[in-house]
Amino acid sequence: VVRGAAPDWAGGRGETGGGAAQANARRPPRRTAALRSLPSGAKTMAVYENETVGDAAAVFCQAWNVPKEGKLTLMQKVSKRLKKRAKQREILSIPVTAADGRKLSLRIMQGDQHNIFDAARNFVNAMVLPETAISQLVQAVETRLPKFAFNVPVTMPEPQPPLNMRVQEGDDPFEISVAFLAQNDLDEGEMLPKMVRVIQGKMRQLGMPVYMNHFLTRNAIIGD
């Protein structure tokens, strides 16, 4: 875990989140110490430390007038995402001091490094920080992450734009592929073995060591 100096954001609370932002702003600061967030359409729903998915969904649905039948679907999606995220390894933590004195922490988990802007935007929206903090957080994350060795272009389902999977020397191709798919709500299916083999091939091409930590755990479909 890499820890850097805590940025001190100037200005008041951001208003970009509308009703959801106001609901989040009313939460006691101690409940914002740990954040797990995910996009829900154009909005951000956050599940705070010691808060149930049901309670978080109730606040979110009330703020955005989500119908009752949509609440259950949202809760199922959120629970699924959080279970996947709980398995992901933290690769970076950046302390953040908000203008109102809250002590926060932007946690970059395995999978977040492929789309740092989204990770920073979700954090800013959930923590009700000014939009100007997004670019500052992106820069802070980029400067603290180790240098990437190469990118693997990944075509996303429409209408999402293509993404680059960013690979560092020493990465476990299996681990980063699983995390990438989970982060983007993609089924492993045939994509997982293909992605791992592409990364392995590029590593060998560049003369990098290829780690085989646990590639054979999925019915021996991956590996040499």
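These legends accompany close-up views of a predicted model.

**View 1. Confidence along the chain.** The chain has a mean pLDDT of 76. Of its residues, 75% reach 70 or more. Among the elements of the chain, helix H5 (residues 132-144) has the highest mean pLDDT, 94. Helix H1 (residues 18-25) has the lowest, 40.

View 2. Over residues 1-40, pLDDT stays under 50. The model has 96 contacts beyond four places in sequence for residues 1-40. Residues 215-224 also have pLDDT below 50. Beyond near neighbours in sequence, residues 215-224 have 22 contacts in the model. Where pLDDT is low, the predicted coordinates should not be read in detail.

**View 3. Helix H2 against helix H3.** Two packed helices are described by the angle between their axes and the distance between the axes. H2 (residues 53-63) packs on H3 at an angle of about 130 degrees. Their axes lie 10 Å apart. The angle makes H2 oblique to H3. The crossing of the two helices is right-handed. H2 brings Val53, Gly54, Ala57, Ala58, Phe60 and Cys61 to the contact. H3 brings Lys71, Leu74, Met75, Val78, Ser79 and Leu82. By class, the residues of this contact are nine nonpolar, two polar and one charged.

**View 4. Helix H6 against helix H7.** H6 spans residues 173-183, and H7 spans residues 191-205. The two pack at an angle of about 135 degrees, with axes 9 Å apart. H6 and H7 are therefore oblique to each other. H6 crosses H7 in a right-handed sense. From H6, the contact takes Pro173, Phe174, Ile176, Ser177, Val178, Phe180 and Leu181. From H7, it takes Met191, Leu192, Met195, Val196, Ile199, Gln200 and Met203. Twelve residues of the H6 contact with H7 are nonpolar, two are polar and none is charged.

**View 5. A salt bridge between Glu175 and Arg89.** The model has seven salt bridges. In one of them, the side chains of Glu175 and Arg89 meet at 3.0 Å, N to O. Glu175 sits in helix H6. Arg89 sits in the loop between helix H3 (68-86) and strand E3 (90-97). The two residues are 86 residues apart, and the pair links distant parts of the chain.

Terms used:
Residues numbered from 1 in each chain as written. Predicted model: local features only at pLDDT ≥ 70, side-chain atom pairs only at ≥ 80, totals over all residues. Heavy atoms only, no water. Axes fitted to C-alpha atoms, helices over the stretch in contact; angles between N-to-C directions. Helix = DSSP H or I, 4+ residues; strand = E, 2+ residues; numbered from the N terminus. Parallel < 35°, antiparallel > 145°, perpendicular 65-115°, else oblique. Left-handed = near helix turned anticlockwise from the far one by under 90°. Contact = heavy atoms within 4.5 Å. Nonpolar A, V, L, I, M, F, W, Y, C, P; charged D, E, K, R; others polar. pLDDT = per-residue confidence, 0-100. Salt bridge = Lys/Arg side-chain N within 4 Å of Asp/Glu carboxyl O.
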